[in-house]
Amino acid sequence: MAEGPQPKRKREEEGEKNGGTATQGGGAAAAFTLSDLRVRRVLRESARDKIVFLHAEVPGSGGEMEEIGLSGEGTDAVVILEKTPFQEEKIPDLLKKPMNAELQMHNDIYCTFYLSPPPELSEIKATVVYPATEKHIQKYLRQEVHLIRETWEDYKNITLPFIQSQSFSIQWVYNILEKKAEADRIVHENPDPSNGFVLVPDLKWNQNQLDDLYLIALVQRREIKSLRDLTAEHLPLLRNVLQEGKEAIVKRFGVPGSQLRIYLHYQPSYHHLHVHFTALGYDAPGSSVERAHLLADVIDNLAMDSTYYQKRALTFPLRADEPLFKKFQEAGKV
Ligand code: M7G
């Protein structure tokens, strides 16, 4: 029988015990505590999603970070605070155990209360990127967005040289593939160097409930940057990801393949091929038509034409302040 949502991950539990201290994966020895973080500004917030993105800093830690060679810069941090979804089994407690329940209004059959539940029922998930680069900060800053229609020529002349000149570190991916980080979170692994991959819960999912299930498959091969590099040669790999990924998720979480949205992003933020697995009922960020390409469709397209993604134009959104947007502007393509 399928197991339910997994318990909170070990490192989170350790973090709770030691007052929110985090150590970096991959062997580097940088540590910070949440209380070290100083908020500098709000980058973006969403009342609907109950999430806020903050630019923060850890005062006086810049030199130490450079010495141990982490992929970020200086003392900047990005902190994402998000109210976690309800866990069904805890809902009765919410009504029974509020520290106080304040009646705000009552009109006929309608009334509103504000509850202040005890800490175990009012969790907030905090994701910290530290040390963060300017690119991380820009990624979360609210910006005007434009759609780009990129031809294969545009990819070769504008996007590819830009990607090659950029250094958005994918060290975290290598840490997972080499079991230097998140090894205890691996849900499935196919170790084949050409056609294998590792499936882990995405950073965005706390694994406490299935409503926002989100896993990510990272391929073992390191040279595939994105959809644009895929040809029929990669079909065995992509079919493995689709088939084994679905099997592993139904076995571990009880969610069938027919209730999963399995897709690639174009453009991705990280140029190491990976596939997103999200619950169909979850409106995951980046799952809209301008960014998501269903893996099953990608497989069919490549099976029909090996060079499909080296021929067709692809559309994707870019924020107005992104350097790649400026490159398209300079080339008169926007
Ligand atoms: P993407 O399409 O390259 O970019 O997806 P996006 O972040 O703009 O969607 C990368 C995916 O990897 C995202 O869903 C991230 O939440 C996830 N991710 C990023 N990092 C740094 C980590 C990490 O350290 N661990 C895990 N498990 N997932 C991550």
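Reader: In which strand does L218 lie?
Author: This is a predicted model, in which local features need pLDDT of at least 70 and side-chain atom pairs count only at pLDDT 80 or more, while totals for chains, interfaces and linings use all residues. Residues are numbered from 1 along each chain as its sequence is written, and side-chain values use heavy atoms, with hydrogens and water left out. Strands are DSSP runs of E with at least two residues, and helices are runs of H or I with at least four, numbered from the N terminus. On that basis, L218 belongs to strand β12.

Reader: Is L218 buried or exposed?
Author: Buried means under 20% relative accessible area, exposed over 50%, and partly exposed in between, with a 1.4 Å probe and protein chains only. L218 counts as buried because its relative accessible area is 0%.

Reader: Which residues is L218 in contact with, leaving aside its neighbours within four places in sequence?
Author: Contact means heavy atoms within 4.5 Å. V173 is 45 residues from L218 in sequence, yet the two are 7.3 Å apart in space, C-alpha to C-alpha. With those neighbours left aside, L218 is in contact with W172, V173, I176, L177, F197, V198, L273 and H274.

Reader: Which residues come nearest to the ligand?
Author: A residue is near a molecule if one of its heavy atoms lies within 4 Å of it. There are 18 residues around the ligand, and those that come nearest are K139, E182, D202, H265 and S269.

Reader: What distance separates a polar side-chain atom of H265 from an oxygen atom of the ligand?
Author: A polar contact is a pair of N or O atoms within 3.5 Å. For K204, an N or O atom in the side chain is 2.8 Å from an oxygen atom of the ligand. For H265, the distance from a polar side-chain atom to a ligand oxygen atom is 2.5 Å.

How values were computed
Polar contact = N/O pair within 3.5 Å; in protein donor to acceptor, adjacent residues only side chain to side chain.
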